[in-house]
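Please examine the sequence and the three-dimensional structure displayed below before reading this report.

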Amino acid sequence: MFIQILKKDLKRKKGMNLILFLLLIISSIFLAGGVNNLLLTMNAIDYFFKEANVSDFYIKTKGQGENEIRIEKWMEEMEAEGLIENVEKYPYLMIEKEDNSFDSPLYLCKIRKEQNLIFDTDNQPVDLKPGEIAIPVSQAEQKGIEPGDEIRFRAGEKEISLQVKSIVKDVLFGSPFVGFDAQYISEADFAMVENALSRKDGGITGYGISSSDISELERRFYNEGLPVFTTISQKELRTCYVMDMLFAVFLMIISICLLVISFVILRFSITFTLHEEFKEIGVMKAIGINSLAIRGIYLCKYFVLSVAGALSGAFFSIPFSDFMMGSIEKNVYMPKAQGNLWLCLACGGIIVLLVMLFCYICTGKIKRLMVIEAIKSGSNGERYGKSSPISLYKSGKLPALLFLAANDILSSKKKYIPLFISFIIGIIMIILPLNAVNTLKSDSVITLFGIAKSDVYITSHKEEAWIEDGDMNKMLADLEHMEEIYAREGIRVKLYSEVLYFPYVSSETNKDKSSIMATQAKNFDTENYRYLDGEPPKLSNELAMTALSAEELNVKMGDTVWLQFAEEKIPYILTATFESFNNLGYSIRLSETAETDLKYSAGFYDIQGNFQEGTDVEAAISKMREITPDYEIKNTRERIAVSLGGIIERLDEIKALIVFVVIVINSLVTILLCRTFLERDKGEIALLKSIGFSNGFLQAWQSIRIGMIQLISVFIGILFSYLLNDGMIQYTFGIMGTSQVELNIVPMEVYVGYPLLVLAGVLAAAYIAASGVKRFSVQKMNDME
Amino acid sequence: MSSSLKVKDLCKTYVMDKRQNNVLKNVSFSVSEGEMVAIMGPSGSGKSTLLYTVSGMDKMTAGSVDFFGKDLSSLKPDELSKVRLVEMGFIFQQMYMLKNLSIYDNIILPAYQAEKGKGGRSRKEINEQAQELMRKLDIMQVADNDINEVSGGQLQRACICRSLINHPKIIFADEPTGSLNKQASYEVMEELNRINREGTSVLLVTHDVRVAAKSDRVVYLVDGKIEDEYKLGRFQTEQDIRERERILSSWLMEMGW
Ligand SMILES: Nc1ncnc2c1ncn2[C@@H]1O[C@H](COP(=O)(O)OP(=O)(O)OP(=O)(O)O)[C@@H](O)[C@H]1O
Ligand SMILES: [Mg+2]
């Protein structure tokens, strides 16, 4: 009999059981997908770095031959001292911009075997045959290159054409923040191109170094003043992945939201369906089936349903998770969700357990349920409280439709809580990341690169010479000369340049060896930067540092900090703290007058310039381009585009993804809950229908209700986001090293546009779901309690 | 007297699991303006189905229903709804009302919905009418109660108020007294008779001889066909009732009731 009741139940209440089944699937997709994403994103960058076996330190020489020999000799010494454990050498062949179809210099190299490994889009090692070339994701995105495209170039007398085989995840050159490129070709092609190139010094050599004491090695390296192009430590490389980290954080937030939504839906569906059964429970009790057996029947039913639902959900969560991870996975090597089948199954198991728990608690009432009560007052044996807080009679001119919808929400608020929660979370899920994305897209993002915002950014090709000469005065003279050239044409621009150093820094209480990036702006007052606290450094022995650095060094305002550029330790006084994305938030700012030696500099940012007040920036910039056509001159937007390239597009992609996911989730939840409400209200719908309310009215009634809930949720969501904005976004940016970002909020888009879009989506979903009213006939009235 | 409802060769077939169930088979009858007709018959004979089909709630399989010159089968669903809303009134056995609304709101809801189309009736007028109806049916004191805070009789009288709020031309009632005790039944029938005397046609389904005895005519339905009908004539005074009941009972006995 047990089985028979169960079988009959599953068959007869097909509608409700199907809805419950779908809700179970959805919540287990969200749970498994959410947990999976959470685990994947939490360690995404670490995982990538580990799988790719990133070198501790990477050096790129200037040219080959002489310089190469010097550097290799130094590395041998370090190896002898035990500071270097292993070195992998990567020769590059450079093809000038004019000689290729790539629209920037090509740096061809062989596929790395030990360190800094590259992977194709399916996370497989890359293997190239002659005639093929592989390109890192960031460059491909920036230049719009796709597999199958052709890249042509000339090496010496030879015209060569290669076909793009794959777009690769390249830990070393994958981030546009790294600032230099590479392209991969087969060994045979490499040998061929190398032979064809007549100028041997057209090449460059890179070294991947693994070290046991990286900060000591770095210090020794900078002290040596070796002829290198660029260097990058693993720590610095990590900072280049801020964007990917940010995406990961977005996904993490979304995943947590999904978890919450899935629990809410789960609890709702169990309590709802069980309450629907109370009448039957009463009947069963009346005909003498004991409570224990009844409870058994239901536990059994929900067990069957939840196992089926959770299993299918776990299965579907894999493509769902893959889809969500798609955007971050593009650039970063991450384990595929398939690998986590066990995790999905575990999440499915959790769903089953939760269902059984909710069910056990709910059916606990069966024993206490009086037969009469259940049969007489139907649903849950409770009397309805005073149910109408508003009255149609007093509703003024309000149309009956709107009144009914509002009255429903007000008289059974509890039943709509799952919708409220899902919708509010959805809105927050849109607003917070969108504010972050917009902030990243704004001009102020230039500070991400540790560059102060200015009117114009210039690359003059003089910078290399400055470092080579190591003469600060020469640099200042050059800048002055440039200013004069422009002034002659009527453009008053003040030029400056920020020089980078990596000195070894220590304090009274923290004598650990570590190098921190220090910047010094020449020709630019330190007052132009923003500070958290204190006075901008002015005297030659004053400096400012990020709050994070100060914390690590355990120094307060007025304390002494020692910087060691060469052999000598120089004391400085800390006068201010500031914040910066740069270098994961660890950096130092020296005063303009601090005595530094260009010899020890690690490089430059662009030459930057600010116009005299009242200048038309764009007009001045185009005039500057005419005056000095061989300089690259950019405004802030263009400067950001150079560094961010494809990332801006990816930000838009992320934005679209978030909005899409929210709309889909909200619509799904809406459709399912709407169907549930339809099931619950079928008696009333049939009644209204029979006394002459049209299908249109009934459909509108059912969906406007949902629309109202969404609308209220939008307001609550905006309120919450407003409160959370600072905290959450600052936390997000905090991960990248700063916590005082000036948010760029676009109210019309974020607070009006997208919420309206979501509202429209939800309304459409509700309207479609509510079309079920057409099926109801007067016979359904008998289902009314 | 012109007829308000003319049913001709009405057929209704339910198809369940490919099995056809001919519930109504060529039913023809009519209800004159201001007439009260009772439908009787054994359980399962198709009485409710007949009521639902002629009132346009359920689709007819064949035949025609003429309602004050309108062919119901030719109306679009929305037009049909409109007719039901403003020209028909409904009373059911179980006293169906929206549980989130008070008694009063339940009564005025159809009128508020109909106000736009009917042209002219203001909400104030609707409320005045609702209050008048409720006073007449003696439920003014429970106007603001929830539907579970009134007795069965009061609730059924509230349903009558609702069915009358749009001044319908006809009232369909499916066992309006079926779940009421003797006294409550009596009161409800009083009201129906009064409404009927004021000119509204009534088509009601009942199992109760005492209820049927107050109607002008009784139609006897067996297995989806009209077996016979009996003209009782206008019910005038309470004195007649015993006699009418007796005559009706003996006729029903003949019918095999
Ligand atoms: N929606 C439906 N689908 C299929 N068959 C139906 C449906 N509604 C009613 N029937 C069938 O139609 C027949 C007549 O039902 P109906 O409800 O009209 O009877 P009734 O005369 O009102 O009976 P009672 O006096 O018990 O109320 C029954 O045999 C019933 O099984
Ligand atoms: Mg019936």
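## Basis of the description

This is a predicted model, in which local features need pLDDT of at least 70 and side-chain atom pairs count only at pLDDT 80 or more, while totals for chains, interfaces and linings use all residues. Residues are numbered from 1 along each chain as its sequence is written, chains are lettered from A and ligands numbered from 1 in the order in which they are written, and side-chain values use heavy atoms, with hydrogens and water left out.

## The interface of chain B and chain A

Contact means heavy atoms within 4.5 Å. By this rule, 34 residues of chain B and 38 residues of chain A take part. The size of an interface is often given as the accessible area lost when the parts come together. Here the two chains, B and A, bury about 3,100 Å² between them, with 54% of it on carbon and sulfur atoms; buried area is the accessible area (1.4 Å probe) that two parts lose on being put together, summed over both. Tyr96(B), Lys99(B) and Asn100(B) supply 21% of the area that chain B buries against chain A, more than any other three residues.

Between chain B and chain A there are zero salt bridges, a salt bridge being a side-chain nitrogen of Lys or Arg within 4 Å of a carboxyl oxygen of Asp or Glu. Seven residue pairs are in polar contact across this interface, both residues being at pLDDT 80 or more. A polar contact is a pair of N or O atoms within 3.5 Å; within protein, one must be able to donate a hydrogen and the other to accept it, and residues adjacent in sequence count only if both atoms are side-chain atoms.

## The six-stranded sheet of chain B

Helices (H or I, at least four residues) and strands (E, at least two) are DSSP runs, numbered from the N terminus. Two strands pair if DSSP finds at least two bridges between them. In chain B, six strands form an open sheet with mixed pairing, in the order E6-E7-E8-E3-E9-E10. Its edge strands are E6 (88-91) and E10 (225-231) of chain B, each of which pairs on one side only. E6(B) pairs with strand E7 (residues 170-174) of chain B in the parallel sense over four bridges, and Gly89(B) has Ile171(B) in E7(B) as its bridge partner.

Helix H6 (residues 182-197) of chain B packs on this sheet and touches E3 (36-40), E6, E7 and E8 (201-205) of chain B; its direction makes about 145° with that of E8(B). For such angles, axes are lines fitted to C-alpha atoms, for helices over the stretch in contact, and values run from 0 to 180 degrees between N-to-C directions.

## The four-stranded sheet of chain B

Another open sheet has four strands in the order E2-E1-E4-E5 (chain B), with antiparallel pairing. Strands E2 (19-32) and E5 (70-71) of chain B stand at the edges, each with a single partner strand, so one side of each is left without a neighbour in the sheet. Strand E1 (residues 3-16) of chain B runs antiparallel to E2(B), and ten bridges join them. Thr13(B) has Asn22(B) in E2(B) as its bridge partner.

## Strand pairing in chain A

Strand E11 (residues 456-459) of chain A is joined by three bridges to strand E20 (residues 601-611) of chain A, and the two run antiparallel. In this pair, Val456(A) stands opposite Gly609(A).
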